[in-house]
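I opened a new notebook page for this model. The plan is to go from the whole chain to single contacts.

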Amino acid sequence: MKNLFLFITFIFAGLGAYDAKAEELTTEGIAFFEKSIRPLFSKHCYKCHSSSKSENKGGLVLDSQSGWMDGGDSGPAVIPGKITESILIEAIEQKDSDFAMPPKYKLSPSEIDNLKKWVRIGAPDPRDGTPVKAATSTINIAEGRKFWSFKPAESSTLPDVKDEDWVNDPIDRYILDKQASKKLIPAADADRATLIRRVSYDVVGLPPTPEEIRDFVNDPATVQVALKKVVNGLLDSKHFGERWGRHWLDIVRYGESVGRTRNYPFPFAWKYRDYVIDSFNNDKPYNQFVIEQLAGDLLESKDNRQSDEQHIATGFLAMGSMDLNERDKEKFQLDVIDDQIDVTGRAFMALTTGCARCHDHKFDPIPTTDYYAMAGIFKSTDTLSGYGNRQGGGNKLNRNTLISLRDKQDAPESSKPVKPSKPSAREVKLHDQVAKLKKEARSLTDRLQNFRKAANSKQKKVSANEPKKFNPQQTQQRIKQIRNQVKRLEKQLGNLTNERSNGVTNSGNLAMGARDAQNISNCKVRIRGDVDNRGAEVPRGVPQVLTSKQPKLPPKSSGRLEFAKWITEPSHSLTSRVMVNRVWHHLFGKGIVRTVDNFGHSGERPSHPKLLDHLALRFTGEMNWSIKDLIRTIVMSHSYRLASQHSENNYAIDPDNEFFWRANVRRLEAEALRDAMMSVAGTLNLDPAKGSLVQKLKAGEVGKNGGLQSLKSFTHRSVYLPIVRNYVPEFLQIFDFAESSSVIGRRDITTVSTQALFLLNDRFVIEQSNATAKRLLSDERLENQEERIAGAYLLAFGRTPSGAELSQFRKYIDEAKKNGQAAEVAFSGFIQALFASAEFRYAL
């Protein structure tokens with residue numbers, strides 16, 4: 001074990017050679033601050049802690065970054081990244097009544113959660129100390145339209161280049177032109193073994209098989225011809241949709257539970273997941289894909305199957321995290337609308353429209369009235385998630401607030417819900433016990449209150465014998481015992497009830513989605529985001545900066561369909577650019593615009609603006625919005641084929657590889673890592689999973705209903721793992737899975753000790769190492785230890801080992817055997833070291 005630890009530590013340390021420079025997601029943090037923190041400070045804190053109003057009780061002001069950093073009499077209010085050390089968090093939790101803020105009431109659970117999240121992600125605050133310049137309070141729409149991303153894409157003359165033979169596609173001309181202007185020389189081409197491994201992970205998220213590697217490496221055709229055959233085969237694979245569908249699920253904050261304060265499951269969310277995967281596999285035109293998600297219920301359909309597909313697509317609008325504890329029905333509705341505006345703006349347009357809820361957008365020309373113009377569209381829409389707020393019965397899945405699908409032919413569950421059985425004798429007995437105990441507790445509480453009232457009364461003196469007749473301490477203790485006993489019994493009762501009713505709630509041919517509301521209406525501005533502080537009514541519409549003429553919305557419909565058609569107009573300045581940039585990001589490791597979810601003023605500018613426009617125009621024109629054609633075009637360019645080798649001269653000029661003079665070394669996502677391990681071990685089930693494990697959850701809140709069953713026996717691809725908010729599988733969490741309540745177009749990439757420890761100790765990793773060892777040791781084609789080691793390298797890295805590597809691991813295995821380890825155990829340790837290596841976890 002000691003040898004294995006040393007090997008893995010050594011190989012994991014090699015990560016430094018492959019690790020790309022970490023980039024802070026400052027725009028994500030700023031967007032969160034503007035949407036969730038600034039309004040909270042304004043509503044609850046500025047009255048007593050504002051420099052503008054000369055109010056700084058305790059010496060603390062919260063209307064500037066320096067205010068909370070300097071702090072008040074008790075020191076800094078916030079320690080970024082450290083919740084337990086931040087005085088602000090201690091105050092709002094109100095555990096100490098003498099140090100409670102606000103002093104007269106407590107923030108809602110969701111507001112407390114937002115402040116904790118803000119501190120946890122580093123307390124981003126753009127009010128000072130940031131290079132981003134905020135827009136003035138008076139927004140000039142005409143001036144705003146001059147910004148690069150708000151202007152329509154323009155065609156340009158293809159650049160002339162010196163090396164015409166290097167060019168495979170016009171893409172290469174734009175790349176070479178920029179490199180030449182910076183005196184950069186592109187790296188040499190990657191070798192064929194590296195190239196097929198890269199493209200396989202990029203297109204389908206799986207490593208190539210040894211046979212696929214051999215066929216590509218030995219193909220006598222030119223690399224361009226041989227690569228085209230490989231790429232076409234990968235794009236035709238059913239695994240393409242699983243790979244690229246997962247990218248999309250990151251963007252649309254896909255999750256299979258409510259999250260937040262009451263984390264109830266979404267047992268039918270998986271149908272949207274499958275819709276996304278099928279859409280990518282079928283190469284559904286992207287404009288149609290967008291329209292269906294925003295307004296599929298309003299489209300005509302040729303049959304029930306198409307109708308169901310279009311309705312399931314609108315699950316996009318219903319998938320958000322909600323605060324079911326919110327008692328104010330109108331605030332709950334506006335919070336859901338805010339989520340829909342945010343995900344629509346950022347997913348399709350990379351525009352942080354949600355930041356204009358409480359005030360004019362601080363950076364982009366989006367006035368608050370534009371926010372509420374869009375809010376009117378979604379206010380005229382019923383969101384069918386299966387849940388409402390507490391006042392609206394949010395504690396139980398309501399089947400009437402889901403979509404009933406029409407096509408019964410392929411329905412995986414019965415379209416008719418199972419009738420609930422009668423309570424068992426055990427349930428009845430527990431119910432009676434709970435009622436009896438609660439009655440006793442009420443009686444004791446009344447006696448205790450009367451005793452205290454009498455003891456405090458000036459008109460009555462308690463006799464010396466009174467404590468003997470009634471002991472308040474013992475009574476208080478008994479009440480506490482009853483409460484604990486009731487809690488235990490109610491949990492047992494709940495489990496029995498859930499087991500009996502689970503088939504009722506999770507069965508049926510149902511889906512999440514949206515439909516037009518009966519009441520079609522505009523929305524009034526909420527001044528500073530306050531639900532009760534109404535301003536002027538705003539006609540439904542779209543952001544002014546993006547159009548010279550508002551689309552005409554029908555008076556008797558929400559306007560979602562017209563909104564969706566407007567977003568997908570070829571002339572729209574953002575939609576095609578944003579999707580092209582997302583695809584480029586996943587193929588090159590960085591977008592042409594690095595901030596893939598933010599094309600606004602606080603985002604980064606494009607490194608190759610003419611190339612971005614060129615691809616956007618081709619995407620909506622000759623490609624007819626085909627994602628597969630877009631991917632094929634990019635991976636067939638010469639720019640994609642470059643090696644990742646280092647160049648001192650190039651690095652001195654362009655250390656961040658902004659101009660793509662070499663391939664970016666990219667770590668595989670958590671899903672690709674898990675799938676790759678199982679693929680190497682031969683344990684991966686490549687068939688699509690049917691439904692979701694979330695369907696098997698007992699009714700009630702996740703965590704209080706027994707939780708998810710063990711994932712040990714789940715052998716399907718990782719895209720089918722249950723994504724229950726706050727209970728994401730450990731493997732995914734460890735390797736930077738996307739936050740399932742947020743729009744995430746670019747995942748964080750961290751290198752932390754927990755990853756090394758996980759690869760060393762986790763049962764799943766050990767089991768896959770054992771399975772791989774068994775697979776290689778039982779392969780009759782491998783005649784000796786050297787061939788088995790070479791086979792392991794080919795499976796894991798897509799290449800054969802060098803002489804030094806072969807010698808090194810042969811020595812390790814021989815030494816392990818001398819120390820008494822069985823051959824399979826020793827070989828398994830060697831495999832685990834390969835799994836833990838940087839080369840396995842990175843695509844070169």
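Helices here are DSSP runs of H or I with at least four residues, numbered from the N terminus. I note that the model is predicted.

**Entry 1: a helix and what follows it.** I looked up what comes just after α7 and found K183, which takes a positive phi of about 60 degrees. I then checked the length of α7, residues 170-181. Its 12 residues, at 1.5 Å a residue, should span 16 Å, and the end C-alpha atoms are 17 Å apart, so the two agree. The expected span is taken over one less than the number of residues.

Which residues of α7 are buried? I listed I171, D172, R173, Y174, I175, L176 and Q179. I also looked for what covers these buried residues, and the cover includes α22 (575-588), α23 (609-620) and α24 (627-635).

**Entry 2: the whole chain.** I counted 33 helices and 10 strands in the protein chain. Of its 844 residues, 55% are buried. I took the contacts between residues at least 6 apart in sequence, and 72% of them join residues at least 24 apart.

**Entry 3: aromatic rings.** A ring pair is described by the distance of the centres and the angle of the planes. The structure holds 37 aromatic pairs. I picked one of them, F731 with F758, and read 5.3 Å centre to centre and 85 degrees between the planes. That pair is edge-to-face, because planes over 60 degrees apart count as such. F731 belongs to helix α27 (residues 730-734) and F758 to helix α28 (residues 753-761), so the pair links distant parts of the chain, 27 residues apart. I find both F731 and F758 buried.

I also noted one aromatic cluster, whose members include W244, W248, Y272, F316, F619 and W625.

**Entry 4: charges over rings.** I found the charged end of R192 over the ring of F216, 5.4 Å from the ring centre. The charged end of R198 sits over the ring of Y640, with 5.7 Å to the centre.

**Entry 5: packing of α28.** How do α28 and helix α29 (residues 763-777) pack, and at what angle? I read an angle of about 50 degrees, with the axes 6 Å apart. On the α28 side the contact is made by F758, L759, L760 and N761, and on the α29 side by R763, V765 and I766.

Conventions:
Residues are numbered from 1 along each chain as its sequence is written. This is a predicted model: local features need pLDDT of at least 70, side-chain atom pairs count only at pLDDT 80 or more; totals for chains, interfaces and linings use all residues. Side-chain values use heavy atoms; hydrogens and water are left out. Helices (H or I, at least four residues) and strands (E, at least two) are DSSP runs, numbered from the N terminus. Buried means under 20% relative accessible area, exposed over 50%, partly exposed in between (1.4 Å probe, protein chains only). Contact means heavy atoms within 4.5 Å. Rings of Phe, Tyr and Trp (its six-membered ring) pair if their centres lie within 6.5 Å; planes under 30 degrees apart count as stacked, over 60 as edge-to-face and the rest as tilted. A charge sits over a ring if NZ of Lys or CZ of Arg is within 6 Å of the ring centre and within 35 degrees of the ring normal. Axes are lines fitted to C-alpha atoms, for helices over the stretch in contact, and angles run from 0 to 180 degrees between N-to-C directions.
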